[in-house]
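Hi everyone, thanks for making time for this one. Let me put the structure up, and then we can walk through some side-chain pairs and the contact between chains together.

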Amino acid sequence: MKGFLAIYLREILLLKKRLFRVLLSFSINPLLYIFAFGIGLGKNINIEGKTYLEFLIPGLIAATSMLQAFAINVEINISRFYLKIFEEFQASPLSCFNYALGEVLSGVTRAILSTLVILLISFLTGIKLYLNFYFFLTVFLNAFIFASLGLTSAMIIKSHADQALITNFIITPMMFLGGTFFPTENLPSLIKPVIETLPLTMTSHILRNIAFNKSFEFSHLLILFFIALLSFIMAFYSLKWAKD
Amino acid sequence: MSIIILRVENLIKKYDSLYALNGASFEVKEKELFALLGPNGAGKTTILRIIAGLTNPTSGKVYIFQKDLLKNLIWAKSQIGIIPQHINLDLELTIEENLFIHGLLYKMPLSLIKKRINELLEFAGLNERRDSKIKELSEGLKRRVLIIRALMHQPKILLLDEPTAGLDPHIRRKIWSLIKNIQTRGTTIVLTTHYMDEAENLADRVAFIFSGRIIEIDTPQNFINKLGSYALDVYFSDELKTFYFNEKTAAEKELIKYSKNYFVSLRKITLEDVFLQYVEKRL
């Protein structure tokens, strides 16, 4: 397991060295969404008996944890194409499993940090959310899925430029349609079933229900677990494929 | 009798229709410093990458301590240290942090990691700079860190890809000294270079490689002796031509003859002359 620790520790050391910058970047997007949509646009909107800001925060946690976990692909790309550090890992007796686990868990750590930043901001703006173990387990699974997908995309692409394509065509639409900013009940019936099966949508639903102290679909949590497992297997095989 | 620590058999590496390696074979003895010498694109780096397990060969075999590399890849990787041509260190991390991460990658116990870091920093004269970030170091110091990082897990075989490319002459000599010291301590070294003086100064044996094939293997001195002892450079108006002699008197006779019309220079034969002879033969 030391191999996994080497990868994880490296990422955490880098994160620690840039902590101030990282925390600032974690805060700026949620703050903008909270001010623009929550306070500005959504001041007089009520959804399911809650203010729009209360509705927004759990969705924002789901979306931000997704973005931060997926963002490991940028660091991996720099390691692979620019610094060539990826070769140092490839030359070592480190297994693909340990490499993938180290990278994915570093993505999860970034996601958890960004979640804590949003929770702090919402606390400061007077929003009270109910939090329990399942809330953080859901964030963990959501982050695990998107960190695994981030690693997979980083292994599949051939250059920095390709990465932007994946983000623009998959991650950004998911962020806007996956129950972050509005209830998915309002979506056209044609695309609704597709949107409901996205991991981000399920995460938003679970987090919102827990935050409002309502019961949630436990089956959604199990589905997230299986998607996480599947995503990790994909990441593992993409690493093997990337060797040559 | 010397033990064969590394055996490369008929390696072929094909990228689409291009052959990067076309049947390269050689053996390296334990504690030997073996140099692969050839022009750019000859296949030197590809050989090192295959031995390090970074690239799969199209066909052919590599044996380390008589064990098939591909069948024992994880074990083989722990026996090898590779120093790439480019600086692939974490620029934001300190020297010590880079070495520490390497130790964890190679599953070393924590106490041994700390011990090796202290030993290697002392060995490379970097003790004072252990907390310096890599991005704050000069190119020469970065290269030293790269070398000691590869030694962290005490590899039996060290692969160096163009270890002094682009460095100033005085820094090159310091790196040479470091490499020779590593060999003296019992590590087998395979290095690639296109600097003839580097191979002549460091290598016990040299393999000339052209177009993915090993042409000849011998000691630098034997290569030189086969060509003669003295070289006379004659600067004709359209080309520089070199003549080789076994006897100094014969060389001096020619020197007098050519010096009437051209600039001439008499010197000892070097490995570069041997290399140029191979290039000429292949053109």
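Let me begin with a question for you: does Lys226(B) count as buried, partly exposed or exposed? With a relative accessibility of 51%, Lys226(B) counts as exposed, because the cut-off for that class is over 50%. Before going further, please keep in mind that this is a predicted model.

So what does Lys226(B) pair with? One partner is Glu216(B): the two side chains form a salt bridge, at 2.8 Å from N to O. Lys226(B) sits in helix 8 (residues 220-227) of chain B and Glu216(B) in strand 10 (residues 213-218) of chain B, so this pair ties together parts ten residues apart in sequence. Glu216(B) itself is partly exposed, at a relative accessible area of 29%. Lys226(B) also has a salt bridge to Asp218(B), at 3.0 Å from N to O. Asp218(B) counts as buried, because its relative accessibility is 16% and the class takes values under 20%.

Staying in chain B, here is another salt bridge to click on. Arg267(B) pairs with Asp273(B), and their closest N and O atoms are 2.8 Å apart. On the accessibility side, Arg267(B) is partly exposed at 26%, while Asp273(B) is buried at 2%. And how many salt bridges does the rule count over all chains? The count comes to 22.

Now a stop at a loop residue. Thr187(B) is found in the loop between helix 6 (169-184) and strand 8 (188-193) of chain B. Is Thr187(B) buried or exposed? Its relative accessibility is 11%, so Thr187(B) counts as buried. If we leave out residues up to four places away in sequence, the residues that Thr187(B) touches are Lys31(B), Pro155(B), Lys156(B), Ile157(B), Leu158(B) and Ile182(B).

Let's move to where the chains meet. The size of an interface is often given as the accessible area lost when the parts come together. For chain B and chain A, the buried area is about 2700 Å², and carbon and sulfur atoms give 59% of that. On the chain B side, the residues losing the most area to chain A are Leu54(B), Leu104(B) and Leu105(B), which together make up 23% of what that side buries. In terms of residues, 33 from chain B are in contact with 24 from chain A.

In one salt bridge between the chains, Lys17(A) pairs with Glu97(B), with the closest N and O atoms 3.1 Å apart. There is also a network of salt bridges that links Arg10(A), Glu11(A) and Asp90(B).

Which elements give two or more residues to the side of chain B that touches chain A? They are helix 2 (73-79) and helix 3 (95-105) of chain B. Helix 3 of chain B provides the largest share of that side, with six residues. Sorted by class, the side of chain B touching chain A has 16 nonpolar, eight polar and nine charged residues.

Last topic: the aromatic rings. Over all chains, the count of aromatic pairs comes to 28. Take Phe97(A) and Phe232(A): the ring centres are 5.6 Å apart and the planes are at 85 degrees, so this pair is edge-to-face. Phe97(A) belongs to helix 6 (residues 96-124) of chain A and Phe232(A) to helix 11 (residues 218-241) of chain A, so the pair ties together parts 135 residues apart in sequence. Phe97(A) is partly exposed, at 39% relative accessibility, whereas Phe232(A) is buried, at 9%.

A tilted pair is there as well: Phe216(A) and Phe218(A), at 6.3 Å centre to centre with 35 degrees between the planes. Phe218(A) is partly exposed, its relative accessible area being 43%. Back in chain B, ring pairs join Phe208(B), Phe210(B), Phe223(B), Phe275(B) and Tyr278(B) into a cluster.

Note on methods:
Residues are numbered from 1 along each chain as its sequence is written. Chains are lettered from A and ligands numbered from 1 in the order in which they are written. This is a predicted model: local features need pLDDT of at least 70, side-chain atom pairs count only at pLDDT 80 or more; totals for chains, interfaces and linings use all residues. Side-chain values use heavy atoms; hydrogens and water are left out. Helices (H or I, at least four residues) and strands (E, at least two) are DSSP runs, numbered from the N terminus. Buried means under 20% relative accessible area, exposed over 50%, partly exposed in between (1.4 Å probe, protein chains only). Contact means heavy atoms within 4.5 Å. A salt bridge is a side-chain nitrogen of Lys or Arg within 4 Å of a carboxyl oxygen of Asp or Glu. Buried area is the accessible area (1.4 Å probe) that two parts lose on being put together, summed over both. Ala, Val, Leu, Ile, Met, Phe, Trp, Tyr, Cys and Pro count as nonpolar, Asp, Glu, Lys and Arg as charged, and the others, Gly among them, as polar. Rings of Phe, Tyr and Trp (its six-membered ring) pair if their centres lie within 6.5 Å; planes under 30 degrees apart count as stacked, over 60 as edge-to-face and the rest as tilted.
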